[in-house]
Structure formats: C-alpha cells, structure tokens
Amino acid sequence: MARFSRLDVYRRLLDEALVPIFHHADPDVCCRVVAAVAAGGAGVFEFTNRGDQAIEAFRAAAAHASRSLPEMVLGAGSIVDESTAALYIAQGANFIVGPSYSERVARLCNLRRIAFLPGCQTATEIATAEELGVEIVKLFPAQAAGGPGFVKQLLGPAPATRILATGIGEVSVESLATWFKAGACGVGLGRELVQADRVAARDFEAIARRVAEVREMVRLARTS
C-alpha cells in the first residue's frame, strides 16, 4: 500500500518539480536505478507500466524503496485502466500517471486517496480531469501539444491549473526555464535523464551524477 498521503505526494511533486521516468524488465536494474536516482537527490520516481513482467519489476523496486529509501515517492505510469491502477496501488504505488485521461482511474484514485496525474492535451480534457479531483495534469506530449506557449495561454484563464510537462525535448537551463516561465509546475523526464547507454553499461554512478546535474538545471531554471 502507499507509504505517503496524497497531500504529501503533491507537496513533493511541487517542491521538486522533477519526475524521473523509467522502466526496465530486470527487477535488479530497476532497484539500482531507483537507488541511483535517490543518490542524485531526487525524491520522486515514476516507473512506467511497459512489458509483460512490468509489475514484477515494480514490486521489487517498491520493496527496495520501502526497505532502503524511506523518503522515495514511487509511482506508476502508463496506466490506462482501473484494474491496472488498482494492481499497482496494491503493490505500493504512491501516485498513478496516465498517458490519457480515464474517468474510471480518476474515481478509483480519488476513492483510494491516491494522486492521479492524467495525460491531457486540451483545455476541455484538463477541466474534465479537474472536476474529478485531479490536482496536477500531465501535458503529454508537451512539445507536440503546443509547447510552453500553450501552457502560458492555457493558464491565462485558468491560473489554478497545475501542469507537469512531459515530452519536452531538449534539456538545458534555458529550455527548462521556458517551461517554468510559462507556468509549468514541473517536468517529467525519461531517456533525457536516465540515459539508456548508462543503464546498459550498469553505470549507476553516472546516472546519479546526471540526476544531480539536471536537478541543478531545474533549480536554476525556476529561479532565472
């Protein structure tokens, strides 16, 4: 079951403004990547539901986090249906992320007091999600959906909306700053953060250094 309350998860997401995103079929690799992300200073991690044995890898990562990384907030992404959301929640997911909006997943997460971040691309989708208690929506794919300009224009008439931009393209202080200046509350990063060649080489120290580097970029971008 979830180790953190929904309010604590939202606070952490807003404080850190960075969500590392990763998946791998090997449970040991997943555990070591979660540990590397934590060593880099990040306290939030989204494991995406991809592949037939994804739940086994997530279960191992959640158990490892519970034992050895007590401050790590672990969530599950690429969730498109209620039953899969329930399965991950039962295995310890502290938040659920979807590539799209699902009313049934939203209702389940509300009932279980679990943060739900659905993928949305339009003002109507975002408003519909917010009607069912969603506090942070994932703009995905953010660059294709209109980029920072879309975020800025959307927040004009809806300043209370919180947007996590995922699929942003280039990662630099300058590029990140455009998203935060537009009003995004955070960014979700996958291969730009946990790089595939370093995972393949089992260079977990390099992954930790990259996470620390990008966290500093985020800090500078938010204050620029």
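The dialogue below takes up aromatic pairs, charges over rings, cavities, a pocket and the backbone.

Student: What kind of model is this?

Tutor: It is a predicted model, and its local features are read only where pLDDT is at least 70.

Student: How many aromatic pairs does a search of the whole structure find?

Tutor: The search finds 3 aromatic pairs. In one of them, the ring centres of F22 and F45 are 6.4 Å apart and the planes stand at 65°, so this pair is edge-to-face; the cut-off for that class is over 60 degrees.

Student: Which parts does the pair of F22 and F45 tie together?

Tutor: F22 belongs to strand β1 (residues 18–22) and F45 to strand β2 (residues 44–48), so the pair links parts that are 23 residues apart in sequence.

Student: Are F22 and F45 buried or exposed, and what is the reasoning?

Tutor: A residue is called buried when its relative accessible area is under 20%. F22 has 8% relative accessibility and therefore counts as buried. F45 is buried too, because its relative accessible area is 1%.

Student: What geometry do F58 and Y88 show as an aromatic pair?

Tutor: F58 and Y88 are edge-to-face, with 5.0 Å from centre to centre and 70° between the planes. F58 lies in helix α3 (residues 54–68) and Y88 in helix α4 (residues 82–90), so this pair ties together parts 30 residues apart in sequence. Both F58 and Y88 are buried. Together with F47, F58 and Y88 form one aromatic cluster.

Student: Which residues line the largest cavity, and how do they divide by class?

Tutor: Its lining includes R6, Y10, C109, N110 and F116. The elements giving two or more residues to this lining are α1 (6–16) and α5 (103–112), and α5 gives the most, with 3 residues. By class, the lining of the largest cavity has 7 nonpolar, 2 polar and 1 charged residues.

Student: What lines the second largest cavity?

Tutor: The second largest cavity is lined by L13, L14, V19, L117, I136, L164 and C185. This lining has 7 nonpolar residues, with no polar and no charged ones.

Student: What is the volume of the largest pocket, and which residues lie nearest its centre?

Tutor: Unlike a cavity, a pocket is an open set of points. The largest pocket holds about 510 Å³ of space. Its lining comprises 22 residues, and I21, H23, R50, G190 and R191 are those nearest the centre. At least two lining residues come from each of β1, β2, β9 (186–189) and α9 (196–200); the largest share, 3 residues, is that of α9. The lining of the largest pocket divides into 9 nonpolar, 8 polar and 5 charged residues.

Student: Where is R210 placed, and what does R210 touch?

Tutor: R210 is in helix α10 (residues 204–223). With 13% relative accessibility, R210 counts as buried. Leaving aside residues up to four places away in sequence, R210 touches V171, E192, L193, Q195, R198 and M217.

Student: Where do R113 and R202 lie, and what is phi in each?

Tutor: R113 has a positive phi, near 60°, and is placed in the loop between α5 and β5 (115–117). At 52% relative accessible area, R113 is exposed. R202 also has a positive phi, near 55°, and lies in the loop between α9 and α10. R202 counts as partly exposed, at 39% relative accessibility.

Methods:
Residues numbered from 1 in each chain as written. Predicted model: local features only at pLDDT ≥ 70, side-chain atom pairs only at ≥ 80, totals over all residues. Heavy atoms only, no water. Phe/Tyr/Trp six-rings, centres within 6.5 Å; stacked < 30°, edge-to-face > 60°. Helix = DSSP H or I, 4+ residues; strand = E, 2+ residues; numbered from the N terminus. Buried < 20%, exposed > 50% of the residue type's maximum accessible area, 1.4 Å probe, protein only. 1 Å grid on protein atoms, 1.4 Å probe; cavity = no way out; pocket = protein on both sides within 12 Å on 5 of 7 lines; lining within 4 Å. Nonpolar A, V, L, I, M, F, W, Y, C, P; charged D, E, K, R; others polar. Contact = heavy atoms within 4.5 Å. Points joined across faces, edges and corners; volume = space filled by probe spheres on them.
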